[in-house]
Amino acid sequence: MAFCFNFDIPLQTEETNDKESKDDKAKDVHLKCSEASATFSKKIKDAVEHQLLLDPLSHIENWVPETITIGALPPLLCLNESVFEKTAPEREDSEEILAKTLTQKSDLISGVYEGGLKIWECTYDLLEYIDDAGETFAGKRVLDLGCGAGLLGILALKRGATKVDFQDYNSTVIEQLTMPNVFLSCEEDNENEEENSSPPSKRKSLNVSKKLLDHCGFFSGDWKSFLILMQNKTPSPKYDIIFTSETIYNTDYYSSLHNVFCDLLAENGIVYLSTKSHYFGVGGGLHLFEKFVEQNNVFQIRYLKDVEQGLKRHVVSLKFRK
Ligand SMILES: C[S@@+](CC[C@H](N)C(=O)[O-])C[C@H]1O[C@@H](n2cnc3c(N)ncnc32)[C@H](O)[C@@H]1O
């Protein structure tokens with residue numbers, strides 16, 4: 001997607017003094033935030049569980065599929081970002097984020113739109129890490145937290161996770177991007193299965209939807225509210241794996257993010273977090289998040305992968321301290 005990563009608000013200086021950050025700033029990514037994002041909106045979105053649309057792709061006109069292939073991972077299908085962006089103005093969304101992101105040319109409008117319409121680069125880092133580590137998901141319950149396009153959760157689903165819940169701040173992202181992407185990938189799996197079945201099923205969409213109903217959950221809203229929603233379920237879910245990519249850019253959200261980890265991760269579960277070292281323009285980054293985690297003394301952080309090109313990026317894991 002052609003959203004560029006650029007910033008046009010004053011930098012928060014707490015982290016930018018160190019040399020590494022200055023070098024990175026000169027080299028790489030800039031975060032484009034609208035004026036609105038300078039003052040963080042206090043109004044947050046209540047969490048909602050989304051019912052699966054029978055055929056989510058039928059609600060999107062002019063979509064084009066794209067295949068993402070990483071190493072030996074199964075190919076991941078998703079909507080092509082630039083076509084999705086071009087056709088965005090033709091679609092309706094009650095949150096009006098499709099129009100806002102285009103007119104304000106923003107990757108983030110804090111409290112309004114949190115960046116889920118594009119695939120951020122640390123998602124690819126985490127996929128590459130999973131490929132290298134040979135992680136499988138059979139029998140696992142997985143949460144893709146701040147999922148956006150949902151590639152991490154889709155991979156888990158394709159590799160045999162029993163249940164994958166997808167969460168994004170924006171309902172538009174969940175309904176117009178995550179659900180169609182999950183549907184597209186499952187449809188492909190279904191077609192492969194049906195090639196060998198005789199006679200082939202004529203109820204393709206129904207079959208796919210049923211599979212998704214059994215294996216996926218879709219949620220939108222703020223993490224604070226999402227946690228309450230999940231805790232009110234009986235039984236409240238505990239995840240073996242929580243994926244979260246590019247979600248620690250805003251220090252204001254650290255406490256609600258950390259609470260989700262504390263309360264929804266299974267005792268022996270693992271959080272895979274991929275992130276840039278620093279997010280210019282919004283102020284968060286791995287150093288500050290690590291400090292926050294250490295102060296809380298609940299989780300142990302381990303560095304799993306460092307990417308040195310341009311702005312430094314990392315994949316880390318969090319596990320409960322024993
Ligand atoms: C920068 S996007 C990254 C999207 C995706 N994980 C990726 O790597 O492509 C950040 C994601 O975190 C979610 N997010 C950020 N702050 C949130 C909050 N306070 N409550 C709920 N979700 C939030 C947004 O929905 C968004 O999808």
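## Handedness and basis of the model

A crossing of two helices is called left-handed if the near helix is turned anticlockwise from the far one by less than a right angle, and right-handed if clockwise. By this rule, the crossing of α8 and α9 is left-handed, whereas that of α9 and α10 is right-handed.

The model is predicted, with local features needing pLDDT of at least 70 and side-chain atom pairs counting only at pLDDT 80 or more, while totals for chains, interfaces and linings use all residues. Residues are numbered from 1 along each chain as its sequence is written, and side-chain values use heavy atoms, with hydrogens and water left out.

## The protein as a whole

The protein has 10 helices and 10 strands, taken as DSSP runs (H or I of at least four residues for helices, E of at least two for strands) and numbered from the N terminus. Of its 322 residues, 55% count as buried, that is, under 20% relative accessible area with a 1.4 Å probe and protein chains only.

Among contacts (heavy atoms within 4.5 Å) between residues at least 6 apart in sequence, 74% join residues at least 24 apart.

Helix α8 (residues 223–231) packs on α9 at an angle of about 20 degrees, with the axes 8 Å apart; axes are lines fitted to C-alpha atoms over the stretch in contact, and angles run from 0 to 180 degrees between N-to-C directions. That angle makes α8 roughly parallel to α9, a label for angles under 35 degrees, with over 145 counting as roughly antiparallel, 65 to 115 as roughly perpendicular and the rest as oblique. Among the residues that meet here are Trp-223 and Phe-226 in α8 and Leu-257 and Val-260 in α9.

Helix α9 (residues 254–264) also packs with helix α10 (residues 286–296), at about 55 degrees and with axes 11 Å apart, which makes α9 oblique to α10. The contact includes Leu-257 and Phe-261 of α9 together with Phe-289 and Phe-292 of α10.

## Helices α4 and α5

The axes of helix α4 (residues 121–133) and helix α5 (residues 151–158) come within 10 Å and cross at roughly 25 degrees, so α4 is roughly parallel to α5. Their contact is made by Thr-123, Leu-126, Leu-127 and Ile-130 of α4 and by Leu-151, Leu-152 and Leu-155 of α5.

Methods: Buried < 20%, exposed > 50% of the residue type's maximum accessible area, 1.4 Å probe, protein only.
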